[in-house]
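Trainee: Could you walk me through this one slowly? I'd like to start with a single residue and its surroundings.

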Amino acid sequence: MRNSSPFNLLRHFLLHRHLRFTLAPPQHRAWCTAATPTTNPDHLWKEKEEEILRDIEPVVTLTKDILHSPRYKDGAQLTVEDQKIVAEMILPYHPYSEDKIGSGIESIMVDRHPHFRQSRCLFVVRTDGGWVDFSYHKCIQEYIRNKYPTHAERFIQEHFKRRKLIV
């Protein structure tokens, strides 16, 4: 594949899984501007913002589907397919992923947060029997910081308002 980042691999996987994702069409410059590159900082920011959104959209959509669809009841373990995606393409980007994984991953489940009962969260069920929640928002933010360091903080500030991801 042209770009084999985990999120591009996920996008490829999900498209071939026939899930209903709407990816933005490729961006093309107008014919009249082809000879002169755009140097407007706001235009450059918008292009980068759109690139980041296209990059993270498949994983955000899948995670929201896992958390908010009726296919997973409280306390339910993820399917093997969904667990593989979460364990390989989301959880490793958590800033404390090694602490979250601990002795190893037995499974990943969806359940209510123990302190915020209105919130459904992803939990790592460890091989030692313990379990701990993790924030997919923190995972996405860390991924963005690693891949887009010069634009990450602005993107996070504008799209993660009040801990809610705005895509």
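Mentor: Gln-83 touches Leu-78, Ile-105, Glu-106, Ser-107 and Ile-108, leaving aside residues up to four places away in sequence, where a contact means heavy atoms within 4.5 Å. This is a predicted model, in which local features need pLDDT of at least 70 and side-chain atom pairs count only at pLDDT 80 or more, while totals for chains, interfaces and linings use all residues. Residues are numbered from 1 along each chain as its sequence is written, and side-chain values use heavy atoms, with hydrogens and water left out.

Trainee: Which helix is Gln-83 found in?

Mentor: Gln-83 sits in helix H3, which covers residues 80-89; helices here are DSSP runs of H or I with at least four residues, strands are runs of E with at least two, and both are numbered from the N terminus.

Trainee: And does Gln-83 count as buried or exposed?

Mentor: Gln-83 counts as buried because its relative accessibility is 18%, and buried means under 20% relative accessible area, exposed over 50%, and partly exposed in between, with a 1.4 Å probe and protein chains only.

Trainee: New topic: how many helices and strands does the protein have?

Mentor: The protein has six helices and six strands, and from the N terminus their order is α-α-β-α-α-β-β-β-α-α-β-β.

Trainee: Where does pLDDT stay under 50?

Mentor: That happens over residues 17-25, pLDDT being the predictor's confidence in each residue, from 0 to 100. Where pLDDT is low, the predicted coordinates should not be read in detail. Across the protein, pLDDT averages 82, and 73% of the residues score at least 70.
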